[in-house]
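Please read these notes with the model open beside you.

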Amino acid sequence: MTALVLRSVHGVRAKIHGVRSVWALILAIPLGVALLDTPNLADILRTAAEAFAGTLPYIAGAVVLIASLKATGATALVSRAFAGRETRMIVLAALLGGLAPFCSCEVIPLIAGLLAVGVPLSAIMAFWLSSPLIDPSTLLITAAALGWDFAVGKAVAAVALGLFGGFGVRFLVWRGAFAEPLRQGAGGCCSSASGFEDSATVWRFWREPARMAAFRAEAIANARFLVKWLALAYLIEALLVAYVPADLIAGVVGGDGMAPIALGALVGAPAYINGYAAPALVAGLMEQGMGAGAAMSFMVAGSVSCIPAMVAVWSLVRRQVFAAYVCFGVAGAILSGALFAALVS
């Protein structure tokens, strides 16, 4: 089943991310600075280049890790979370959603297939809420930009959010909600996977030419993807540091208490911030005065409500399920920010 529901991963990713040209923005930013503020161009480029260079080891590690998982066929292990008792399914789905190497685009065909074959909505919601937040690559990139405390905190928040949403949906279903969660006509996704999802996991993949070819193809695709988004992220971070007054950031989302944390979630929810770009941008915001709790709630809300994730939810499920996804995501982001602020203070 996993192979069927993942058959168009790259096609779906291309459709969603193809809406805008990231490379055009990467070129447009320095050109715009050169035209409007030439004296600052060299400083902005230097700031962005130094930040990007510091992240390169993490990019390399993430690329190798994801390509290895795809080449071995280990991603098929995800499907094992969706079997057995509902409580067990919710817990395993939340854990795998926070640990599996799926971005919000790659989750779309998987969720469509699971919904189509009748997997409980509670387990799907747990996986759906946790999967956009963290994966091996974003864990490493978050650690590089914000430190391991923040990276581990976000990973814990991902799993906790999945559990929160999964058991919350289970309660609502028990009360009679979401009788027909799947939209009429939804679930027809095109797909592309490594081709090893239905075969046994082979950890020594380099001994098989076909798996090595899959490893190389996946490594190249992910390297391009990460380099593209991180180049944009660090350029925007450099602009943020150069042009956004620290007093403004500190006044809006700085300080202690629940107000900045709640505001961080409400601001992060409608803003599209790619999971690979967010850590660098949040690092810049924290340098300008954003508190740790507000930063966490901003990142969690922004990941859950990013454009690919929201498009996926809206296209596959009915409005009531979509509303539940948004509400659980924003509420979970506020709770995550509050708990993280209490722990690090």
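1. Terms for helix packing. An axis is a line fitted to C-alpha atoms, for a helix over the stretch in contact, and the angle between two axes runs from 0 to 180 degrees between N-to-C directions. Helices (H or I, at least four residues) and strands (E, at least two) are DSSP runs, numbered from the N terminus.

2. Basis of the notes. This is a predicted model; local features need pLDDT of at least 70, side-chain atom pairs count only at pLDDT 80 or more, and totals for chains, interfaces and linings use all residues. Residues are numbered from 1 along each chain as its sequence is written, and side-chain values use heavy atoms, with hydrogens and water left out.

3. The chain as a whole. The chain has 16 helices and zero strands. Of its 345 residues, 51% count as buried. Buried means under 20% relative accessible area, exposed means over 50%, and partly exposed is in between (1.4 Å probe, protein chains only). The accessible surface of the chain comes to about 14,900 Å², and carbon and sulfur atoms hold 68% of that surface. Such areas come from the Shrake-Rupley method with a 1.4 Å probe; for residues, only the protein chains shown count as cover.

4. Contacts along the sequence. Contact means heavy atoms within 4.5 Å. Among the contacts in the chain with a separation of 6 or more, 84% join residues 24 or more positions apart.

5. Helix 13. How many of the 10 residues of helix 13 (residues 278-287) are buried? Eight are, so helix 13 is largely enclosed by the rest of the structure. The buried residues are A278, P279, A280, L281, V282, A283, G284 and L285. After helix 13 comes G289, which has a positive phi, near 125°.

6. Helix 13 against helix 14. The axes of these two helices come within 10 Å and cross at roughly 155°. Helix 13 is therefore roughly antiparallel to helix 14. Angles under 35 degrees count as roughly parallel, over 145 as roughly antiparallel, 65 to 115 as roughly perpendicular and the rest as oblique. The crossing of helix 13 and helix 14 is right-handed. A crossing is right-handed if the near helix is turned clockwise from the far one by less than a right angle, and left-handed if anticlockwise. On the helix 13 side the contact uses A278, P279, V282, L285 and M286, and on the helix 14 side A292, A295, F298 and M299. By class, these residues are nine nonpolar, no polar and no charged. Ala, Val, Leu, Ile, Met, Phe, Trp, Tyr, Cys and Pro count as nonpolar, Asp, Glu, Lys and Arg as charged, and the others, Gly among them, as polar.

7. Helix 14 against helix 16. Helix 14 (residues 292-304) packs on helix 16 (residues 319-344) at an angle of about 155°, with the axes 7 Å apart. This makes helix 14 roughly antiparallel to helix 16. Helix 14 passes helix 16 in a right-handed crossing. From helix 14, A292, G293, M296, S297, V300, A301 and V304 take part, meeting Y325, G329, A333, I334, S336, G337, F340, A341 and V344 of helix 16. This contact has 11 nonpolar, five polar and no charged residues. As background, an α-helix has 3.6 residues a turn, so residues three or four places apart point the same way.

8. Helix 5 against helix 9. Helix 5 (residues 86-99) and helix 9 (residues 148-174) have axes 8 Å apart and pack at an angle of about 150°. Helix 5 is therefore roughly antiparallel to helix 9. The crossing of helix 5 with helix 9 is right-handed. Helix 5 contributes E86, T87, I90, V91, A94, L95 and G98 to the contact, and helix 9 contributes A158, V159, G162, L163, G166, F167 and R170. Which classes occur in the contact of helix 5 with helix 9? There are eight nonpolar, four polar and two charged residues.

9. S68 is buried, with a relative accessible area of 18%, whereas V64 counts as partly exposed at 45%. Leaving aside residues up to four places away in sequence, S68 touches F205 and F215. S68 and F215 are 147 residues apart in sequence, but their C-alpha atoms are 6.1 Å apart.

10. A residue of helix 7. A123 is found in helix 7 (residues 121-130). A123 is buried, with a relative accessible area of 0%. The C-alpha atoms of A123 and G162 are separated by 8.6 Å, and the two residues are 39 residues apart along the chain.
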